[in-house]
Amino acid sequence: MSHGYSEEKQAYLRRLRRVEGQVRGIAKMVEEDKYCIDILTQMAAVNKALHAVSIGLLQEHIDHCVVGAAEESARTGNPEIVKDKVQEATDAISRLLRS
């Protein structure tokens, strides 16, 4: 089964590897007793990058999974199919807002 993000998979992996490098850089800054504001600035950049990936994945979920469920729901007459996918998206949004 292919997921909605499959076409953008390499772009997501590049972004996540960049974030991974940033986190290693932050750890090094802590090890080297760098100025706390500089560390916090880098942490904010990591959070922003992860947020961008999260929003992209959420968009892909809606474009692929929710729309596909809506089409299947219309075809089969079963409204639960789309309700389940919408609930997944809602739950994901809720988790993102809490983070």
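Author: Begin with the surface. Accessible areas come from the Shrake-Rupley method with a 1.4 Å probe. In this predicted model, the protein chain exposes about 7400 Å², and carbon and sulfur atoms supply 56% of that area.

Reader: How many helices and strands are there in the protein chain?

Author: The protein chain has three helices and zero strands. Followed along the sequence, the pattern reads α-α-α. The radius of gyration is 18 Å, well over the 13 Å that the globule rule gives for 99 residues, so the protein chain is more spread out than a compact globule. Its C-alpha trace spans about 60 × 25 × 15 Å along the principal axes.

Reader: What share of the 99 residues is buried?

Author: A residue counts as buried when its relative accessible area is under 20%. Buried residues make up 20% of the 99 in the protein chain.

Reader: Which residues make up the largest nonpolar core?

Author: The general idea is that in soluble globular proteins, nonpolar side chains tend to be buried together. Here the largest nonpolar core has five residues: V19, I26, M29, I39 and V46. Both α1 (9-31) and α2 (36-76) give two or more residues to this core. The largest share, three residues, comes from α1.

Reader: What is V46 in contact with, leaving aside its neighbours within four places in sequence?

Author: Contact means heavy atoms within 4.5 Å. With those neighbours set aside, V46 is in contact with V19, Q22, V23 and I26. For the protein chain, residues 24 or more positions apart account for 55% of the contacts with a separation of 6 or more.

Conventions
Residues numbered from 1 in each chain as written. Predicted model: local features only at pLDDT ≥ 70, side-chain atom pairs only at ≥ 80, totals over all residues. Heavy atoms only, no water. Helix = DSSP H or I, 4+ residues; strand = E, 2+ residues; numbered from the N terminus. Rg over C-alpha atoms; globule rule 2.2 N^0.38 Å. Buried < 20%, exposed > 50% of the residue type's maximum accessible area, 1.4 Å probe, protein only. Core = buried A, V, L, I, M, F, W, Y, C linked by side-chain atoms within 4.5 Å.
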